[in-house]
Amino acid sequence: MPSSSSSDQDTPPAPPARRFRRPGFLVIVIGLLAANYLILNLVSPPTPRVTVPYSPTFIEQVDKGNVMRISPLGETVSGEFKQAVTYPAKDGEKAKSFDTEIPQFANGDALERRLRDKGVVIEARSLNDGRGTLLSILLGFGPVLLLIGIFVWMARRASAAGGGGLGGLGNFARSRARRVDSAEQRITFADVAGIEESKHELTEVVDFLKSPERYQRLGGRIPRGVLLAGQPGTGKTLLARAVAGEARVPFFSSSASEFVEAIVGVGAARVRDLFKQAKEAAPAIVFIDELDAVGRSRSGGAGFGSGSNDEREQTLNQILTEMDGFDSDATVIVLGATNRPEVLDSALLRPGRFDRRVTVPAPDLDGRQRILEVHTRSVPLGDDVRLDRVAAITPGMVGADLANLCNEAALLAARREHPKVTQSDFTDSLEKIVLGAPRKMVMSEADRRRTAYHEAGHAVVGMLTAGADPVRKVSIIPRGRALGVTFSSPDADRISYDKQALDARIDVALGGRVAEEVVFETITTGAESDIEQVTGLARAMVGRWGMSEEIGFVAVLPADGANPYMAQEASDESRQIVDTAVRRLVDDAHERVTRLVREERPRLDALAKALLEKETVDQDEAYDAAGVPRPAAVIDVAGSAEGPAPE
């Protein structure tokens with residue numbers, strides 16, 4: 001169980017904190033309220049009073065001479081009778097004190113003469129025998145003092161239970177990092193697969209935490225900070241916890257966004273408290289996830305502002321100060337994780353702080369298989385399950401994606417009441433993740449036919465275009481926002497794409513729209529996502545990757561996550577050239593695909609007919625229906641293979 005306290009491993013555990021007893025608190029509050037009520041009653045005991053009408057009761061009692069005194073307060077008159085009067089409207093209630101309201105049309109002078117004639121005492125003071133000052137004090141300050149007393153009592157109880165200051169208010173500036181002690185840390189390098197190079201780089205950190213004197217006797221110093229950089233889901237957090245598990249040291253985990261609050265200075269205070277706890281528990285590991293939330297550059301380019309002294313900058317400055325290494329004897333290593341290392345402040349990356357960077361890449365084919373083996377340890381697998389084939393059809397997936405795939409396969413097998421998870425459970429779960437869940441939708445025959453030709457256009461162009469990824473499955477069943485899908489994936493991992501492969505991706509994306517133009521001689525809105533994909537690829541080829549003669553080897557457009565001000569550095573003329581080159585590239589691709597579809601119209605018709613009959617065809621059926629020979633090494637999502645599996 002994570003603990004926020006810091007103690008040495010040899011120190012006996014502290015006694016458990018006293019819990020806040022809600023029943024006792026309620027009893028005390030009720031008792032204080034009752035005491036306040038009793039004091040008010042003792043100081044000013046209630047007297048029987050009735051509210052009588054001005055006429056006839058009040059005037060009648062004045063004429064009888066039964067009114068002793070009155071005290072007018074605006075239009076309200078309070079007074080006392082000489083003898084108690086029974087008021088029938090109050091169920092025979094008998095009272096000596098009364099209240100009444102003088103109407104606005106009453107003649108005040110005549111009433112005053114009548115009161116003087118009957119000897120009524122008229123006084124403008126309270127009828128509480130001189131106790132008004134004390135009563136006013138109790139009424140005015142009693143509730144406030146009561147609330148202050150309750151607040152002080154709650155603060156003392158919280159302070160006694162949690163330690164420090166005013167309890168919750170005192171803990172506001174304390175770190176919210178979750179501490180996992182060495183005895184509770186069960187994750188090791190054996191639980192991390194697919195990123196062997198990253199684990200190897202962190203082995204030195206583990207060795208230093210286990211035996212720091214081995215390096216210190218030779219004057220060596222381990223890096224103060226290690227930055228884990230990689231795309232989301234690659235296992236940065238898991239890798240950091242594995243380092244702590246291997247070294248058997250306390251692990252303090254926190255997100256950078258937890259430091260930032262609306263109150264300036266709180267983030268810096270939390271950073272100080274976090275490092276204070278870590279130094280007291282040294283050797284220890286401090287893990288800060290999503291470091292770019294507070295560590296962005298202060299130069300204004302890729303940062304969050306123009307360097308103003310705001311809460312984020314104060315928090316960043318405190319992190320920089322804590323990592324400067326003033327306490328050289330404290331064996332505390334800071335592990336930071338980020339998806340965008342290019343936006344971090346240069347002061348974080350200088351030697352003495354995060355001076356070592358470990359890239360956590362997406363796993364390759366062998367890495368994906370090892371990750372699947374880790375996540376299926378507790379999953380009963382059927383005899384037909386081939387994890388190497390599952391790894392082969394999941395290129396580009398990271399550890400989090402593969403963990404989700406294993407979980408979805410287990411859930412699907414449970415819904416189907418399978419005793420074990422089968423290969424079909426994995427493939428169907430992959431389709432759900434990649435293509436989206438099927439949705440029930442009533443489509444007219446005309447829409448089904450148009451969708452069939454659209455998807456057949458994608459598939460046929462993919463089958464006949466050199467450099468295109470093999471077609472795995474084609475379906476006209478609506479999934480997500482799409483009315484149909486064509487699933488293609490490479491046989492092996494691709495680190496980079498040549499121009500032929502990128503041209504092929506543009507051609508395949510245009511295949512659906514071109515098929516509609518050729519067959520129906522009209523166009524619809526169904527190619528919106530295809531057009532967006534084509535435009536994005538074409539602009540990247542021209543403006544970022546130097547694949548056009550017009551621009552050449554000049555980066556005009558910023559890369560994903562790069563400095564957004566780079567686009568403003570390009571001249572208007574350069575941007576105009578980019579637009580012209582993109583238009584030419586797309587027009588050439590459209591002409592090329594149109595010519596291909598017209599020439600291969602029989603294959604298009606045959607595949608569209610198969611889709612209308614079966615709605616979904618796998619790769620064998622798709623290639624056979626189109627009359628196209630299958631590639632030499634195609635591994636389909638159903639697990640069958642022709643030729644050797646990719647290494």
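A: Let's begin with salt bridges: a salt bridge is a side-chain nitrogen of Lys or Arg within 4 Å of a carboxyl oxygen of Asp or Glu. Keep in mind that this is a predicted model. The general idea is that side chains of opposite charge can pair when their charged atoms come close.

Q: How many salt bridges does a search of the whole structure find?

A: The search turns up 28 salt bridges. Take Arg370 and Asp366, whose side chains meet in one at 2.9 Å, N to O.

Q: Where do Arg370 and Asp366 lie?

A: Both sit in helix H12, residues 365–375, and they are four residues apart, about one turn of the helix. Here's the general idea: an α-helix has 3.6 residues a turn, so residues three or four places apart point the same way. As for cover, Arg370 is partly exposed with a relative accessible area of 40%, and Asp366 is partly exposed as well, at 41%.

Q: Which parts does the salt bridge between Arg448 and Glu615 tie together?

A: First the contact: the side chains of Arg448 and Glu615 meet at 3.8 Å, N to O. Arg448 belongs to helix H16 (445–464), while Glu615 is in the loop between helix H21 (601–614) and strand E14 (616–618), so the pair ties together parts 167 residues apart in sequence. Arg448 is buried, with a relative accessible area of 16%, whereas Glu615 counts as partly exposed at 33%.

Q: And what about Asp579 and Arg539?

A: Their side chains form a salt bridge too, at 3.1 Å, N to O. Asp579 is in helix H20 (572–599) and Arg539 in helix H18 (528–543), so this pair links parts that are 40 residues apart in sequence. Asp579 is partly exposed at 37% relative accessible area, and so is Arg539 at 30%. Salt bridges can also share partners: Arg416, Asp425 and Asp428 are joined into one network that way.

Q: Let's go to helices. Which residues of H22 are buried?

A: To read this, take buried as under 20% relative accessible area. In H22, residues 619–626, the buried ones are Gln619, Ala622, Tyr623 and Ala626. Looking down the axis of H22, these buried residues fall within an arc of 90 degrees, so they line one face of the helix.

Q: Which strands pair with E8, and in what sense?

A: Strand E6 (178–180) pairs with E8 in the antiparallel sense over three bridges, with Val180 opposite Phe251. Strand E9 (284–289) pairs with E8 in the parallel sense over five bridges, and there Ser253 stands opposite Phe287.

Q: Last one: which residues form a nonpolar patch on the surface?

A: Val144, Leu145, Ile148, Phe151 and Val152 do, with about 450 Å² of accessible area together. Val144 lies in helix H4 (132–162) and is partly exposed, with a relative accessible area of 44%.

Definitions and conventions
Residues numbered from 1 in each chain as written. Predicted model: local features only at pLDDT ≥ 70, side-chain atom pairs only at ≥ 80, totals over all residues. Heavy atoms only, no water. Buried < 20%, exposed > 50% of the residue type's maximum accessible area, 1.4 Å probe, protein only. Helix = DSSP H or I, 4+ residues; strand = E, 2+ residues; numbered from the N terminus. Arc of directions from axis to C-beta. Patch = residues over 30% accessible without salt bridge, like charges linked within 9 Å, V, L, I, M, F, W, Y side chains within 5 Å. Areas by Shrake-Rupley, 256 points an atom, 1.4 Å probe, with all protein chains shown as cover. Pairing = 2+ DSSP bridges.
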